[in-house]
Amino acid sequence: MCDEFTEKDNEQFPLNNGNLSRRDFNKISMTAFMLALLPKTAFAAEVTETRVEVSTPDGRADCYFVHPSRGKHPGVLLWPDIKGLRPAYKAIGKRLAEAGYSVLVVNPYYRDAEAPVVSPDASFGDPKTMSLLRSMASQLTQGAVSSDAKAYIDFLDNQRSVDPGRKIGTMGYCMAGELVVLTAAAVPNRVGAVASFHGSRSIVTDGPDSPHLLISKSSARALHAVAENDDQRSPETKDIIKAAYKSAGISAEIEVYEGTLHGWCTPDFHGYHKKQAERAWSRLLHLFKATLA
């Protein structure tokens, strides 16, 4: 999960492997930057984008829902990183919809505020930003996440663009690596695939409620794309996750992506690594094609 060490690492890593400085990055509009960095989807489907509100036991969650404009498709629940729902994650959701999925991108902090809860360029190194995000994230208990996940998947299953006969996929970034595991455990009969991007550090804890202990509650196939600097700080984590999937008899692809920093898959992070992010994206599409068909 993001912390002050993550921010320091990202400060030292020029965008796009040195082709773009921090000063240049700050001059580029978020929309233009996203369009420049996310490659076009081959044979992209025409999509429909809407802001929706999903009823949960704790209120109404504002979300972004994007799906192919015609037909029924597998549903995907996308949990953003600790900064929450913002343009970067709408772009990721739209790209996935263009590939043939009906995608719900959620605001995990709806209990506190509508998205975006911080500006897209807010720095986790700023004490006020850090305090705000950690305060909101602390409310995402396992019970709250499980309750929300059930509501989000129920929403997806009741949309015209979603084929309820197909399994649901769920994907998450940063702290949401933990949330996808909780989602699969909460709705094991519906979730067929989980994908975590630079989220391994929050999946394994020393507590009796460590999320990795819930892996056996679901049969969902998994992809865990691990940042190199996360692995360097906690090299045993990936092995614990691998052992949990092996013990449960579940197929899982767990890989450390060379040369990457925590956050490398998110295009508005200074440590974004386009080449490795695209490789991780290709593995995601492979997973979803194999499990959600």
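User: How many helices and strands does the secondary structure of the protein come to?
Analyst: In this predicted model, 56% of the 293 residues count as buried. Residues 24 or more positions apart account for 77% of the contacts with a separation of 6 or more. The secondary structure comes to eleven helices and eight strands.

User: Is helix 8 mostly covered or mostly uncovered, and how many of its residues are buried?
Analyst: Helix 8 spans residues 176-186 and is mostly covered. Its buried residues include Gly177, Glu178 and Thr183, along with Leu179, Val180, Val181 and Leu182.

User: Which elements do the buried residues of helix 8 pack against?
Analyst: The buried residues of helix 8 include Ala176, Ala184, Ala185 and Ala186. The elements against which the buried residues of helix 8 pack are strand 3 (75-79), helix 7 (142-157), strand 5 (168-173) and strand 6 (191-197).

User: Is helix 7 roughly parallel or roughly perpendicular to helix 8?
Analyst: The axes of helix 7 and helix 8 come within 9 Å and cross at roughly 65°. Angles of 65 to 115 degrees count as roughly perpendicular. Helix 7 is therefore, relative to helix 8, roughly perpendicular.

User: Is the crossing of helix 7 and helix 8 left-handed or right-handed, and what classes of residue does the contact have?
Analyst: The crossing is right-handed. On helix 7 the contact is made by Gln142, Val145, Ser146, Ala149, Lys150 and Ile153, and on helix 8 by Leu179, Leu182, Thr183 and Ala186. By class, the residues of this contact are six nonpolar, three polar and one charged.

User: Is helix 5 oblique or roughly parallel to helix 11?
Analyst: Helix 5 (residues 87-98) and helix 11 (residues 274-291) have axes that come within 12 Å and cross at roughly 45°. Angles under 35 degrees count as roughly parallel, and 65 to 115 as roughly perpendicular.

User: Which residues make the contact of helix 5 with helix 11, and how do they divide by class?
Analyst: The crossing of these two helices is right-handed. Helix 5 contributes Ile92, Arg95 and Leu96, while helix 11 contributes Glu278, Trp281, Leu284, Leu285 and Phe288. By class, these residues divide into six nonpolar, no polar and two charged.

User: Is Gln276 buried or exposed, and which residues does Gln276 touch?
Analyst: Gln276 is found in helix 11. Its relative accessibility is 9%, and it therefore counts as buried, the cut-off being under 20%. Leaving aside residues up to four places away in sequence, Gln276 touches Tyr257, Glu258, Thr260 and Trp264.

User: How far apart in space are Arg166 and Thr291, C-alpha to C-alpha?
Analyst: Arg166 lies in the loop between helix 7 and strand 5 and is partly exposed, with a relative accessible area of 28%. Beyond residues up to four places away in sequence, Arg166 touches Pro74, Arg190, Leu292 and Ala293. Arg166 and Thr291 are 125 residues apart in sequence, and their C-alpha to C-alpha distance is 8.8 Å.

User: Is the peptide bond from Ala115 to Pro116 cis or trans?
Analyst: Pro116 lies in the loop between strand 4 (102-106) and helix 6 (127-137). Omega of the bond from Ala115 to Pro116 is near -5°, and the bond is cis.

User: What is the phi value of Cys174, and where is Cys174 placed?
Analyst: Cys174 counts as buried, at 1% relative accessibility. Phi is near 60°, a positive value in a residue other than glycine. The place of Cys174 is the loop between strand 5 and helix 8.

User: What is the phi value of His198?
Analyst: His198 is found in the loop between strand 6 and strand 7 (221-227). At 1% relative accessibility, His198 counts as buried. Phi of His198 is positive, in a residue other than glycine, with a value near 40°.

User: How many disulfides does the structure hold?
Analyst: Cys63 is buried, with a relative accessible area of 2%. Cys265 is also buried, with a relative accessible area of 9%. A disulfide requires a pair of cysteine sulfur atoms within 2.5 Å, and the number of disulfides in the structure is zero.

Conventions. Residues numbered from 1 in each chain as written. Predicted model: local features only at pLDDT ≥ 70, side-chain atom pairs only at ≥ 80, totals over all residues. Heavy atoms only, no water. Axes fitted to C-alpha atoms, helices over the stretch in contact; angles between N-to-C directions. Helix = DSSP H or I, 4+ residues; strand = E, 2+ residues; numbered from the N terminus. Left-handed = near helix turned anticlockwise from the far one by under 90°. Contact = heavy atoms within 4.5 Å. Nonpolar A, V, L, I, M, F, W, Y, C, P; charged D, E, K, R; others polar. Buried < 20%, exposed > 50% of the residue type's maximum accessible area, 1.4 Å probe, protein only. Parallel < 35°, antiparallel > 145°, perpendicular 65-115°, else oblique.
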